[in-house]
Amino acid sequence: MQKVMIVDDEVIFRDYLRGALDWETLGFELVVEAKNGIEALKLCMEQPVDIALVDITMPFMDGLELTEKLKDQYPEMNVVLITGHNEFEYARRALKLGVEDYILKPFSKDELMLTLLKLQREYRKVQVENLTLKENNRMMQESFLNQLISNEYNLTDADVLKRLSPFDIHIQNPCFIVACIEIDHIDRKWEKVSERLLMKYAVTNILNEALEEGWNYNIFNGPEGRIVCLVEHSNAQTNITPSLEGYKKLGSLIKKHLNFTITIGVGRSKGGFKGISSSYKEALEALQNKFVLGHDRVIAYSSTLTESGKRAFYPIEVNEELLIGLRMRNAERVQLILDGVFESTRERRLSIDYVYVICMGLIAVNLSYITEAGHPIEDCFGENFFPYSEIRKFESAEMTFEWIKQLFDRAIRYTGQYKNTRASKIAQSAKTYIEQSYANSELQLEHVAQHVFINASYLRAVYKKEFGMTVSDYVTQYRMMKAKELLGRGGIRLSDIAERVGYSEASYFSKSFKKFYGYSPSEYEKSRG
């Protein structure tokens, strides 16, 4: 609503103007009444108005003098003079002062209303033009700031300062930090683009409150729906991780007032305008680690995230252990091995790319098992099974790990449904006996065959067909697996371990262990220490 002031020394006329129109319905609000020019100037300081209805003839200060002072102090105010003088000189002086219109007494209510509505139309037109100009400036500013964080940056410092000047951005210390903000699960929470934009606008507003006072910063919409905060760093040192308290406060405020969460990646300080894109890349890399570390947190860039990936992804023997577990259809053992790989991945805080490589390696082991068992992969997982595309859909490492565990479980159940023959049951019974009796140093093929009541030759054949390995091979593999578990506990003598897993001599056990794994028991213990 436009605010209106009435200035007239006659009480009767002020009462008449007050009741002449339904001001609120027309979009106006009477906020100030004054009986002379001096009082009007004083009241305007306390309550700014958009339109002044001013009588020309008043004591102390007439309408023309008041108009001159109003236009000088409030250039955007519209002044309508009300006069009983139908003289050219008054009209000429009024127009020279910038009066929008004047009304001759006596006038009708319609004449007053038409005059006010004309001013209202002009006011709204100006508002729209100003809004359009403001929006255009905002878009131009946003476009240029996006250029600064991208690889397209090729301007000199002087050019940048010149381009920033129209946006009222003044850089005093060219050392910058970039933060990237993502609303967690935004696509699932809000289907409409307008709703997402509204939530981003709300986050931006709260961010202005959360950042520490005195920070010189700019907030804008970045690529892929992210919110980017470019902060001028008060400390001129580079590669410094900034204080995260303001960003943590933002996360708490968002959760409290808007009932959703955000994740923020923060880069290190970089010198010069060319350093902005470098800090942005670090912030983006930090943000991507939410896949491993989880959502609803502030993640500062750390070089250790990349350095940790230079080590092996996981011990090479894990793949062989997984294959053994799959062949034996030991779902519990397979799940335990996978949990160990996933826990190691979390602890090392590997980047998202390394996690993808690990996941694809594990899936490859599972698929090779299906193929080895003589089954088409599409029969087990469907014709439209594209694992790399699938893992990239998940929003966290936890969801991806759970999906992979389900794949292994499905493979075991799928191959198991084709193993219901008598020969299969014999092989399974033999396998169970081996796992119960592996500590017996006299355990041989003949002992196992006697236990399942068939001859050794037939057991050798059905076991090989069922599990893809011989009875002797499985006895060795199971003993080695148990030996490694005991070595991992620590504090157990080598001779005791050898005896527990079915070896009467520690030296022979050591040779067998090294032949199976490629390193000795002592080397394995040292690697774990």
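Reader: What makes Tyr-503, Tyr-508, Phe-509, Phe-513, Phe-516, Tyr-517, Tyr-519 and Tyr-524 a cluster?

Author: Ring pairs link these residues in the predicted model. Rings count as a pair if their centres lie within 6.5 Å. The structure holds 24 aromatic pairs.

Reader: How do you know that the charged end of Arg-479 sits over the ring of Tyr-503?

Author: The charged end of Arg-479 is 5.5 Å from the centre of the Tyr-503 ring. The limit is 6 Å, together with a position within 35 degrees of the ring normal. Arg-479 therefore counts as sitting over the ring. Lys-484 lies over the face of Tyr-517 in turn, at 3.9 Å from the ring centre.

Reader: Why is the pair of Tyr-356 and Tyr-388 called edge-to-face?

Author: A pair of aromatic rings is described by the distance of the centres and the angle of the planes. For Tyr-356 and Tyr-388 these are 5.9 Å and 75 degrees. Planes over 60 degrees apart count as edge-to-face, so the name applies. Tyr-356 belongs to helix α16 and Tyr-388 to helix α18, 32 residues apart.

Reader: Why is Tyr-356 called buried, and why is Tyr-388 called partly exposed?

Author: Tyr-356 has a relative accessible area of 6%. Buried means under 20%, so Tyr-356 is buried. Tyr-388 has 39%; exposed means over 50%, and partly exposed lies in between, so Tyr-388 is partly exposed.

Reader: Why is the pair of Tyr-463 and Tyr-474 called tilted?

Author: The planes of Tyr-463 and Tyr-474 stand at 40 degrees, with 6.3 Å centre to centre. Stacked needs under 30 degrees and edge-to-face over 60, so this pair falls to the rest, called tilted. Tyr-463 lies in helix α22 and Tyr-474 in helix α23, so the pair ties together parts that are eleven residues apart in sequence. Tyr-463 is buried at 0% relative accessible area, and Tyr-474 is buried at 2%.

Reader: How do you know that strand β3 and strand β4 pair?

Author: Two strands pair if there are at least two bridges between them. Strand β3 (residues 51–55) and strand β4 (residues 78–83) have five bridges, in the parallel sense, so they pair. In one of these strands, β4, Val-79 is the bridge partner of Ala-52.

Reader: What makes β2 and β5 the edges of the sheet?

Author: The order in the open sheet is β2-β1-β3-β4-β5, with parallel pairing. β2 and β5 each have a single partner strand, so one side of each is left without a neighbour in the sheet.

Methods: Residues are numbered from 1 along each chain as its sequence is written. This is a predicted model: local features need pLDDT of at least 70, side-chain atom pairs count only at pLDDT 80 or more; totals for chains, interfaces and linings use all residues. Side-chain values use heavy atoms; hydrogens and water are left out. Helices (H or I, at least four residues) and strands (E, at least two) are DSSP runs, numbered from the N terminus. Rings of Phe, Tyr and Trp (its six-membered ring) pair if their centres lie within 6.5 Å; planes under 30 degrees apart count as stacked, over 60 as edge-to-face and the rest as tilted. Buried means under 20% relative accessible area, exposed over 50%, partly exposed in between (1.4 Å probe, protein chains only).
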